[in-house]
Amino acid sequence: ASDPFHCPNSSSSFFLLVGVPGLEDFHTWLGILFCSAYIMALVGNGVVLLVIGLDDSLRSPMHCFLGMLAVIDLVMVTSTVPKMLSIFWLNSTETGYVACFVQMFLVHSTTSAESGVLLAMAFDRYVAICHPLKYQTVLNRWTMVQIGLAIVGRALLFMAPLTWMVTNLSFCHSCVVPHSYCEHVAVAKLACADPRPSSLYSVAGSSLIVGMDMACIAVSYGMIIKAVLGKKSCRKAFSTCGCHICVMLLYYIPGVVSIYIQAFGSGVSAWAQVLPADLYLTLPTMVNPIVYSMRTKQIRQAVLKVL
């Protein structure tokens with residue numbers, strides 16, 4: 001207990017990730033599922049970044065937000081899926097302490113950053129539809145830089161205390177993490193000290209970020225719907241909002257469920273805690289390029305031009 005990085009019965013310091021507890025017999029099939037989602041996420045987000053970088057006409061604020069979303073998705077999915085595949089297919093469960101905490105930091109900071117980008121995209125649609133003449137003035141280059149810095153800064157400010165709290169725990173219990181990646185609640189439960197402070201901070205911080213973002217998104221789309229009712233552009237605006245809302249629901253609902261199950265779902269089976277968390281990190285990264293980008297006429301034309 002005197003050494004916070006000491007693992008009993010082991011000559012080295014590491015954690016053991018078990019994958020999806022209770023579904024070990026299906027690890028091969030789960031690997032195929034997540035590998036397919038990973039490839040689609042890499043290709044989809046990579047194509048989005050490629051066409052935005054090559055086509056000078058794709059320099060609007062909305063396209064910048066799409067580029068930011070693609071980068072965040074790539075970091076999020078790459079920080080988790082390769083290790084998950086090594087567990088599912090190669091039974092390579094060992095991960096070092098530093099690698100574990102780096103993965104923890106990347107996973108949770110990118111989820112916070114993605115929520116910020118979704119909020120920024122909702123604000124962009126509000127200005128574009130409700131105040132089209134002021135669009136270039138409101139969302140100028142300096143404003144875009146400020147929004148980007150705010151998104152990254154908020155994610156770092158949220159994760160820095162949580163990472164510090166978890167890394168300063170003394171791990172004197174089992175080194176086996178019943179998860180597919182270094183989820184902070186699962187890691188904190190292995191500590192000698194009471195893990196509830198870090199868990200409560202995580203739940204409170206996540207609830208505050210998600211709650212504020214969802215409330216602001218709902219207000220922005222409510223104002224959009226109010227502004228376009230009875231106009232000829234109503235149908236097109238509703239179509240755009242519908243696509244965005246579907247992706248947001250796909251991102252927020254599994255995320256909220258995963259957060260509260262990890263924190264308070266002691267009576268829930270292990271696989272029902274882990275599998276939604278895994279899907280939460282992979283499915284949105286695969287779907288986002290399709291819904292947000294490929295349905296955008298300019299990006300679709302740019303992709304066809306590059307091909």
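Which residue's side chain meets that of arginine 125 in a salt bridge?

1. **The arginine 125 pair.** The partner is aspartate 124; the two side chains meet in a salt bridge at 2.7 Å, N to O. This is a predicted model. Aspartate 124 has 0% relative accessibility, so this residue counts as buried. Arginine 125 counts as buried too, because its relative accessibility of 16% falls under the 20% limit.

2. **The other salt bridge.** The whole structure holds two salt bridges. Besides the pair above, the side chains of aspartate 213 and arginine 154 meet at 2.8 Å, N to O. Aspartate 213 sits in helix H8 and arginine 154 in helix H6, so the bridge ties together parts that are 59 residues apart in sequence. Aspartate 213 is buried, at 2% relative accessible area. Arginine 154 is partly exposed, at 26%.

3. **The largest core.** The largest nonpolar core has 41 residues. Those with the most contacts inside it are Val51, Leu118, Met121, Ile217, Met248 and Tyr252. H4 gives the most, with 10 residues.

4. **Tyrosine 252.** Look at this residue next. Leaving out residues up to four places away in sequence, tyrosine 252 touches Ser115, Leu118, Val210, Asp213, Met214 and Ile217. Asp213 in that list is also the salt-bridge partner of arginine 154.

5. **A second core.** A separate core has 22 residues. Phe101, Cys175, Ala188 and Leu190 are among them.

6. **Aspartate 278.** This residue lies in helix H10. Aspartate 278 is buried yet has no salt bridge. The nearest side chain of opposite charge is lysine 83, 13 Å away. What does join aspartate 278 to serine 180? A polar contact of 2.8 Å between their side chains. Apart from neighbours within four places in sequence, aspartate 278 is in contact with Val20, Phe34, Met84, His179, Ser180 and Tyr181.

7. **Annotated spans.** The unreviewed UniProt entry carries the annotation "transmembrane region" for residues 29-52, 64-90, 96-123, 144-164, 208-229, 241-264 and 270-291. Two of these spans can be checked against the model. Residues 144-164 are 100% helix and 0% strand, with end C-alpha atoms 30 Å apart. Residues 270-291 are also 100% helix and 0% strand, and their end C-alpha atoms lie 32 Å apart.

Definitions and conventions. Residues numbered from 1 in each chain as written. Predicted model: local features only at pLDDT ≥ 70, side-chain atom pairs only at ≥ 80, totals over all residues. Heavy atoms only, no water. Core = buried A, V, L, I, M, F, W, Y, C linked by side-chain atoms within 4.5 Å. Buried < 20%, exposed > 50% of the residue type's maximum accessible area, 1.4 Å probe, protein only. Helix = DSSP H or I, 4+ residues; strand = E, 2+ residues; numbered from the N terminus. Contact = heavy atoms within 4.5 Å. Lys, Arg positive; Asp, Glu negative; His and termini not counted. Salt bridge = Lys/Arg side-chain N within 4 Å of Asp/Glu carboxyl O. Polar contact = N/O pair within 3.5 Å; in protein donor to acceptor, adjacent residues only side chain to side chain. UniProt positions renumbered as here; feature names shortened; annotations may be inferred.
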